[in-house]
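Hi everyone, thanks for coming along. Let me put a protein up on the screen, and we'll walk through it together.

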Amino acid sequence: MNNKEKIASQLLKLEEKYKGSGQDLSSYLDGLLYEKYLTYWDYIHLDTLLSLQIPKTHFPDEEIFIMYHQITELYFKLILHEQKQIVDDKSQNVNFFIEKVNRINSYYKVLISSFSIMINGMDREQFLKYRMALLPASGFQSAQYRMIEIYAAPLENLVHKTKRNQFSSDNSIEELYKEIYWKNGATDKVTGEKTLTLKQFEYRYTPRLIRIANQVKENTIYHKYLALPKESQENEELIKALKALDSNANVNWPLMHMGSAYRYLAKEKKPIDATGGTNWKDYLPPSYQKVVFFPYLYTKEELNNWGKEWIDHIFNPEKIK
């Protein structure tokens with residue numbers, strides 16, 4: 001096929017594509033003719049992107065703090081992008097499942113490996129000053145992170161560990177959401193009063209999170225795994241990928257935040273309150289929360305020891321100066 005024949009063939013395909021749109025192909029070709037050349041900076045809205053860092057104080061390192069959190073939210077969006085494809089997939093193709101979970105793990109690995117920026121990449125004294133201008137805002141208020149959890153596992157797996165055995169899939173989404181584990185992290189342990197950080201978050205996002213939880217009820221990534229044929233459920237590569245996702249989301253990622261919290265908020269063994277008043281010493285340790293997306297994949301002993309090995313043998317707060 002020569003070049004003219006190729007172009008003629010392409011025009012026929014384009015005509016077929018656009019014939020149901022209400023406009024003829026000539027109109028679309030006119031649009032192509034008048035359209036400006038695309039540039040890199042226009043395509044990714046670079047000028048807008050680089051203008052989104054607006055510090056609240058004059059401390060230089062606050063800009064680092066803003067940018068890293070923005071980068072984190074973009075990676076969360078990538079994770080959700082893959083999760084939604086798993087949830088929406090009807091093929092029960094184990095290779096598709098593995099590919100998507102591995103992509104999610106690759107995003108988590110970038111987040112985890114880059115967190116040294118938060119632990120060692122900012123001046124501690126600057127942070128302790130500019131953080132006061134950020135109250136009551138907190139990374140605790142990341143709605144995308146809560147969405148990741150809801151897409152990954154049924155809400156009964158996310159109920160606070162002290163009440164988890166009291167709930168099951170028979171409970172309504174609203175009942176389960178009321179007891180979700182992370183609410184304890186922004187609640188006064190003595191009075192039971194919710195912090196303003198939590199009140200703001202619930203007002204803004206509770207309807208949306210409950211709507212998503214209802215949409216994926218019996219159809220989370222955990223349910224999609226259980227719906228696979230038995231031979232696919234036993235696929236070693238898939239099991240390895242799902243366990244890695246559990247570790248990345250529920251052990252490694254919170255552990256990085258523990259490192260950052262000890263670096264900036266633990267002073268002379270007297271912890272400083274986090275922005276928003278979150279109970280970070282009780283909320284962040286994986287062995288305290290024991291949040292597990294896919295408990296079906298672990299032995300009872302592994303579940304009992306969830307997160308302990310990291311806290312006891314790898315992570316030593318005293319080493320962080």
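Predicted model: local features only at pLDDT ≥ 70, side-chain atom pairs only at ≥ 80, totals over all residues.

**Two helices side by side**

If you want to find the pair yourself, H6 covers residues 94-114, and H14 covers residues 236-265.

How far apart are the axes of H6 and H14? They lie 9 Å apart, and the two helices pack at an angle of about 20°. Angles under 35 degrees count as roughly parallel, so H6 is roughly parallel to H14.

Which residues make the contact? On the H6 side they include Phe97, Val101, Asn105 and Tyr108. From H14 we have, among others, Leu238, Leu242, Asn248 and Trp253.

Some of those names come back when we turn to the largest nonpolar core, a set of 74 residues. The members that touch the most others are Phe97, Tyr108, Leu155, Trp182, Leu242 and Trp253. Helix H14 gives this core its largest share, ten residues. As background, nonpolar side chains in soluble globular proteins tend to be buried together.

Now let's zoom out. The chain has 321 residues, and 43% of them count as buried. There are 18 helices and two strands. If we take contacts between residues at least 6 apart in sequence, 71% join residues at least 24 apart.

Note on methods
Residues numbered from 1 in each chain as written. Heavy atoms only, no water. Helix = DSSP H or I, 4+ residues; strand = E, 2+ residues; numbered from the N terminus. Buried < 20%, exposed > 50% of the residue type's maximum accessible area, 1.4 Å probe, protein only. Contact = heavy atoms within 4.5 Å. Core = buried A, V, L, I, M, F, W, Y, C linked by side-chain atoms within 4.5 Å. Axes fitted to C-alpha atoms, helices over the stretch in contact; angles between N-to-C directions. Parallel < 35°, antiparallel > 145°, perpendicular 65-115°, else oblique.
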